[in-house]
Amino acid sequence: MTITGMPPSAAPDTPVSPPPVHASDTPEQVSGAARGVSRPDKRKTIKPKRDRFVAALPYFAAIFGTLVGGIGFATSYHTLAAQALSWGFGEDLSRWFPIGVDASILAFLALDLYLILKGIPWPVLRMAAHGMTCATIWFNASAQGEMSADPVKSASHGVMPILFVIGVEAARRLFIQKAQLEAGTATDRIPLHRWILSPVATPRFYRRMRLYGVTSYPEMIRRQQDLIAYEQWLKRKHKGDLSKASEDERLPMKMAAYGYTVAQALAMPEQQEREAEARGEEAERRRLDAETRQELARKQAEADRLEADGKLEAVRARVDGETAQARAHARAQVSAAERAAELEEAALDSAVLAEARAREAEAEHKEALERQAKAAADLETADLERQAAEKRKLTAEADRVAAAETQAIETKTIAEARKATAEAELAAAEKLKAAAETRFAASETDRRTAEEDKRKALAAADTQAARKREAEAELVAAETRFAASEIDRRAVEIEDTAKLTSRERAVRKVARMALAAGLVTVGLGANEFHPALCRVISIADVQREFGVSSTDTASKYRQEAAALLAGGYRPER
């Protein structure tokens, strides 16, 4: 026979030992056909005589405890009052002395109980109360003289205050236990028979309960049984050689000493891997964020550099244009001055030549027309006027040509300067366009980075929401399991009280399984319970739960459970 799966926990349905029942508890109603139990059609609650007696115990304890405490206090009062009078306290003080001694015990114990309820215990108060108790016992015992002379008489007087103190301590213990139960901090005690039967393992058992906050003794038993069952399963899996088991399979044995259950220890590797993956994802996210910030800074620096280069080129183009324009204007002025000098020199040469020719003509004319002096003088005057006109005409033409050339030179230079300025401005505009494109690319990168961050944030929010939903689902499942276990526990208590047979218990458990599986009983007729139960609980489920091989037995369990539910059985009642 081989084991292919993890065995179930030992005693999954019934606690190892039934939880304690308080004296004030009353038995719950048990439905179904059982010996001495109400039938499905009779819903009467029968209260056993034993439970009535248990319910009356606190009242008897309170009455007789008060009586014993009062007797002890009264006896102690008279004894101590007489002793104080013999010690010289005086008649008035001797009456108050026993009240002060016994009242101090009550005051210290009451204050100790109050501090415990507030969560700030101070052991000194209880030690002081015990010290005053010992003093009271000593005073009462020694009030009859030497204790060695008549020890019985001394002991009889010392016993009375002991009765009073025992009553107070019992009340203190009751209040502390009740407060712990209400606060949910009550811890089960390990039974005495376990200390006797297993003196070596029980101290380790007790240590694990106290160190790791396991308050339930049955829960600790269940953990130990689960561990033993798992170890046996592991041995059978590896044919008795646990050294062949992997480290993960041996985790429950290693971690049991640290308060881990079998399920928690087996889930530890997967949980640690998930946490490691989460840490890796967070580190990768931080790395990508750093790279994105570096890329943004680099592109921003590149954009600033291109913008500065564009501004520098614009300034250079403007300065070059102004310089070229100034040089062209200076060259035009120099050319104009040179042309004017050339024209002036040509005019001077023409004037000298004309003067020489005039003197020759005058000499020839004087020789030819000596007789006609007046006519020659007129002719000479006309010639001089004509030459002067020609001179003026030539001078005007030279001035016009020089002015035209000067204007042409100036216009060409200015056009070239303006062309250079336009080209410089065009280059500066191209630089500015490149800088604008760079800034646009950087802004586009910023936009994509922001979108990526937003997508990552949404993904992280979705992941957190999914984890939250998963945690809430696990919480609801845990609460459901806890409620089901509480219903099973109460049902087992009721069945124990009713002393049901094993078959009747099995039938009730099948009914509880159907209700836990989601069987809706509202609105069902008497003949509809069995088909509805068969839909949620199969015969295989019943066979597996109770370990029966007969399908007929499992089918009868379902039929009887359906009849029980049709008769009104509900485990929570």
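Residues are classed here as nonpolar (Ala, Val, Leu, Ile, Met, Phe, Trp, Tyr, Cys and Pro), charged (Asp, Glu, Lys and Arg) or polar (the others, Gly among them). The structure is a predicted model, in which local features need pLDDT of at least 70 and side-chain atom pairs count only at pLDDT 80 or more, while totals for chains, interfaces and linings use all residues. Residues are numbered from 1 along each chain as its sequence is written, and side-chain values use heavy atoms, with hydrogens and water left out.

Pockets and cavities were located on a 1 Å grid over the protein atoms alone: a cavity is a set of points where a 1.4 Å probe fits but cannot get out, a pocket is an open set with protein on both sides within 12 Å along at least five of seven lines, and lining residues have an atom within 4 Å of a point. Grid points are joined across faces, edges and corners, and a volume is the space filled by probe spheres set on the points. The second largest pocket holds about 380 Å³ of space. Its lining comprises four nonpolar, two polar and six charged residues; among them are Glu281, Glu282, Glu284, Arg285, Lys456 and Arg467. Two or more residues of this lining come from each of α9 (262-368) and α10 (373-498), helices being DSSP runs (H or I, at least four residues; strands are E, at least two) numbered from the N terminus.

Across the whole structure, the search finds two cavities of 30 Å³ or more. The second largest cavity has a volume of about 50 Å³ and is lined by Arg208, Arg223, Gln224, Leu227, Pro252, Ala256, Tyr260, Thr261 and Val262. Five of these residues are nonpolar, two polar and two charged. Helix α7 (residues 217-237) gives the most to this lining, with three residues.

Helix packing was described with axes fitted as lines to C-alpha atoms over the stretch in contact, and with angles that run from 0 to 180 degrees between N-to-C directions. Helix α2 (residues 90-117) and helix α3 (residues 123-142) cross at roughly 155 degrees, and their axes come within 8 Å. Helix α2 is therefore roughly antiparallel to α3, where angles under 35 degrees count as roughly parallel, over 145 as roughly antiparallel, 65 to 115 as roughly perpendicular and the rest as oblique. The crossing of α2 and α3 is left-handed, a term used if the near helix is turned anticlockwise from the far one by less than a right angle, and right-handed if clockwise. Residues in contact (heavy atoms within 4.5 Å) include Phe97, Ile105 and Phe108 in α2 and Leu125, Met132 and Phe139 in α3. By class, this contact has 12 nonpolar, three polar and three charged residues.

Helix α11 (residues 502-516) packs against helix α13 (residues 539-546) at an angle of about 125 degrees, with the axes 11 Å apart. Helix α11 is thus oblique to α13, and the crossing is right-handed. Ala506, Lys509, Val510 and Met513 of α11 make the contact with Asp541, Val542, Glu545 and Phe546 of α13. The residues of this contact divide into five nonpolar, no polar and three charged.

For helix α12 (residues 529-536) and helix α14 (residues 551-566), the angle is about 125 degrees and the axes lie 9 Å apart. These two helices are therefore oblique to each other, and α12 passes α14 in a right-handed crossing. On the α12 side, Phe529, His530, Leu533 and Cys534 take part, and they meet Arg558, Gln559, Ala561, Ala562, Leu565 and Ala566 in α14. Seven residues of this contact are nonpolar, two polar and one charged.
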